[in-house]
Amino acid sequence: MAGRVGAQDLEPRRWTHLPAGSLTGSLTYVHTRGDVIFDPVLQLDDVTVESDTVVASVVHAFDLFGVTGRFDLIAPWQDIRWKGLVSGAPASRSQQGFDDPWVRLSINLAGAPALRGKEFVEYQQAHPDRTVVGVGFGAKLPLGKYDPDRLLNIGQNRFAFMSQLGAVHYRGPWSFELTGTTLLFTRNDDFFGGNTLEQDPVFAVQGHVVHTFANRWWVSAGAGYTRGGESRINGVAKDDERVNLFTGLAFGMPIGGSQGLKLAYIRGDAREAVGSDTDSLLLSWTIRF
């Protein structure tokens with residue numbers, strides 16, 4: 001779970017200054033494959049995972065007392081397959097359905113006044129070197145597909161609450177981003193086998209370097225680190241803290257004046273005995289209405 005959240009949150013241009021009143025829609029395809037390492041008590045060995053995910057998202061920027069606010073709605077659908085050994089015997093499981101959706105509210109506190117049209121363009125041209133500081137708050141809603149009789153599921157059957165603090169410094173065609181994230185989880189009272197699952201907070205940090213060319217094409221390199229998420233089953237600690245390192249490369253290009261494409265690669269590496277090592281390829285199409 002912690003690894004999946006970290007991979008999803010490795011996003012360059014998180015605090016980009018958007019024109020007030022703009023509405024943007026995106027459709028993203030992600031292919032992921034890798035190895036999953038479970039607690040030895042579960043007797044799950046040599047487990048591999050492969051998934052195809054389609055994510056629909058909407059971003060609305062608005063004027064919030066003179067600064068730029070942003071609302072995100074993110075709805076993923078997933079087809080995921082697990083294969084491995086259960087007590088030494090080959091087994092597999094597949095599941096298709098909606099993952100838990102995210103809602104998120106962000107506020108650019110400094111460096112991003114709420115502007116529209118010509119004023120927005122003139123402000124960017126007049127301030128090629130500036131710093132934007134923002135905060136964000138989000139919630140993951142337990143609406144995804146979930147079967148309490150199965151250990152592996154798409155949905156998590158609990159809320160997750162996210163808080164973020166970040167900044168991006170623009171210097172000509174370059175931008176340098178840093179974001180800190182805290183994830184808090186509610187209890188799952190209908191976990192596998194009728195048990196109760198609790199999980200400690202997950203703390204994450206990510207950074208990106210982005211270069212934008214004169215034709216508005218852009219490239220980025222980034223890295224993220226997550227730590228925490230030790231779980232408790234019926235109050236008993238499992239000593240399964242997750243530590244994950246994520247690295248990524250992304251490339252974006254405009255199509256006309258209102259559309260764009262993004263291609264990205266994300267590598268996830270588990271740094272503890274429990275976690276996942278994954279490779280993800282991402283292709284995203286965005287349109288501004």
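Leaving out residues up to four places away in sequence, leucine 115 touches Pro19, Ala20, Phe120 and Tyr123, where contact means heavy atoms within 4.5 Å. The model is predicted, so local features need pLDDT of at least 70 and side-chain atom pairs count only at pLDDT 80 or more, while totals for chains, interfaces and linings use all residues. Residues are numbered from 1 along each chain as its sequence is written, and side-chain values use heavy atoms, without hydrogens and water.

Leucine 115 sits in the loop between strand E5 (102-110) and helix H2 (117-126); helices (H or I, at least four residues) and strands (E, at least two) are DSSP runs, numbered from the N terminus. Leucine 115 has a relative accessible area of 15% and is therefore buried. Buried means under 20% relative accessible area, exposed over 50%, and partly exposed in between (1.4 Å probe, protein chains only).

Threonine 68 belongs to strand E3 (residues 67-86) and is buried because its relative accessible area is 3%. Neighbours within four places in sequence aside, the contacts of threonine 68 include Ser106, Ile107, Ala112, Pro113 and Ala114. A polar atom of the threonine 68 side chain lies 3.3 Å from the backbone oxygen of proline 113.

Valine 54 is part of strand E2 (residues 44-64). With a relative accessible area of 34%, valine 54 is therefore partly exposed.

Conventions. A polar contact is a pair of N or O atoms within 3.5 Å; within protein, one must be able to donate a hydrogen and the other to accept it, and residues adjacent in sequence count only if both atoms are side-chain atoms.
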